[in-house]
Amino acid sequence: SSSSSNSPNDNKYLSLAEVDRGIVDVLQIKGLAEAKPAIMRAFQAAKSLNTKRTGGASSVGDSYIDWCEFRLLLCYLRDY
C-alpha cells in the first residue's frame, strides 16, 4: 500500500466496506470493529455534508467517499 493513498484500489475513493476493513486492519481500533452501525451512520453523515456533491451524489456515485468525506467520517466516529 502506498503512503499517498489509503484506498486499496488506488482510486482515492473508499467504499463503506473499504472503510470498515481499514478501521479493523489499518487503524486497529478494537472498539470500532464491533460498531458497524456507527461506522455506517458516520459514512452516510459524512457524504451528506460534502458541499462538493451536486444533487446529493458525487461524481463517483453514492457508494463512495473521498478524502474530504473520510476526514468528516473520522470526526463523526468520534462523536458516535
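**Exercise 1. Sort out the fold elements of this predicted model.**

Start by counting: the chain has four helices and two strands, taking helices as DSSP runs of H or I with at least four residues and strands as E runs of at least two, numbered from the N terminus.

Residues are numbered from 1 along each chain as its sequence is written, and side-chain values use heavy atoms, with hydrogens and water left out.

**Exercise 2. Work out how α1 and α3 pack.**

First, the geometry: helix α1 (residues 16-27) meets helix α3 (residues 36-49) at about 130 degrees, with axes 10 Å apart. Axes here are lines fitted to C-alpha atoms over the stretch in contact, and angles run from 0 to 180 degrees between N-to-C directions. That makes α1 oblique to α3 (under 35 degrees is roughly parallel, over 145 roughly antiparallel, 65 to 115 roughly perpendicular, the rest oblique).

Then pick out the contact residues (heavy atoms within 4.5 Å): α1 supplies Leu16, Val19, Asp20 and Ile23, while α3 brings Lys36, Ile39, Met40 and Phe43.

**Exercise 3. Find how much of the chain is buried.**

Of the 80 residues in the chain, 34% are buried, meaning under 20% relative accessible area with a 1.4 Å probe, protein chains only.

Definitions and conventions:
This is a predicted model: local features need pLDDT of at least 70, side-chain atom pairs count only at pLDDT 80 or more; totals for chains, interfaces and linings use all residues. Buried means under 20% relative accessible area, exposed over 50%, partly exposed in between (1.4 Å probe, protein chains only).
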